[in-house]
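Let's take a friendly walk through one protein model.

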Amino acid sequence: CIRDRIKPDRTKFLNFTHCGTILEFFNIKQNKIVHSNTSYIYEPTYKADGFPLWKESIRGLRAIYATDNYIYIAFNGTKDLETHIEKLSVFDWQGQPIKQYDLGVNIMRIIVDENSKIGYVIYRDDAYEYHLGNFDL
């Protein structure tokens with residue numbers, strides 16, 4: 001499972017995997033896409049034919065949000081889909097870790113407003129009820 005995010009200024013984009021967590025960074029210049037670098041956070045487990053073994057692999061990310069400055073990622077980091085994900089990791093567009101927030105809630109989705117220095121999180125409690133919260137950047 002591969003998904004992507006584009007930098008709002010449209011100069012870079014990121015491909016990422018849910019099976020394991022591999023972040024592939026690309027530059028966009030003069031209508032050309034050029035691979036920049038790859039960050040292997042959790043490598044998936046593969047079958048002999050090269051396809052990932054979903055149940056045997058560490059789950060990648062649950063939520064991601066991209067700004068011109070940073071990429072905000074809530075990682076699972078286990079093989080369990082029901083794991084509470086309470087930490088939000090921040091990376092620059094070269095894939096370097098910048099900081100980590102421990103939000104203390106089970107993160108489902110995130111949105112970040114860097115201008116206001118506020119992040120918003122949709123989180124789920126143990127009764128499977130959803131809530132909206134915020135945190136300071």
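Start at Tyr-128, which sits in the loop between strand S10 (118–124) and strand S11 (130–136). Strands here are DSSP runs of E with at least two residues, numbered from the N terminus. This is a predicted model, where local features need pLDDT of at least 70 and side-chain atom pairs count only at pLDDT 80 or more, while totals for chains, interfaces and linings use all residues. Residues are numbered from 1 along each chain as its sequence is written, and side-chain values use heavy atoms, with hydrogens and water left out.

Most residues other than glycine have a negative phi.

| Residue | Phi | Loop between |
|---|---|---|
| Gln-30 | about 50° | strand S3 (21–29) and strand S4 (32–42) |

Gln-30 counts as exposed because its relative accessibility is 76%; exposed means over 50% relative accessible area, buried under 20%, and partly exposed in between (1.4 Å probe, protein chains only).

Now look inside. A nonpolar core is a set of buried Ala, Val, Leu, Ile, Met, Phe, Trp, Tyr and Cys residues joined through side-chain atoms within 4.5 Å. The largest one has 14 residues, and Leu-88, Leu-103, Ile-107 and Ile-110 have the most contacts inside it. At least two residues of this core come from each of strand S6 (71–75), strand S7 (87–91) and strand S9 (106–113). S9 gives the most, with 3 residues. A second, separate core has 12 residues, including Ile-64, Ala-66, Ile-73 and Trp-93.

Contact means heavy atoms within 4.5 Å. Leaving aside residues up to four places away in sequence, Ile-107 touches several residues, among them Ala-74, Leu-88 and Tyr-123.

Key:
Helix = DSSP H or I, 4+ residues; strand = E, 2+ residues; numbered from the N terminus.
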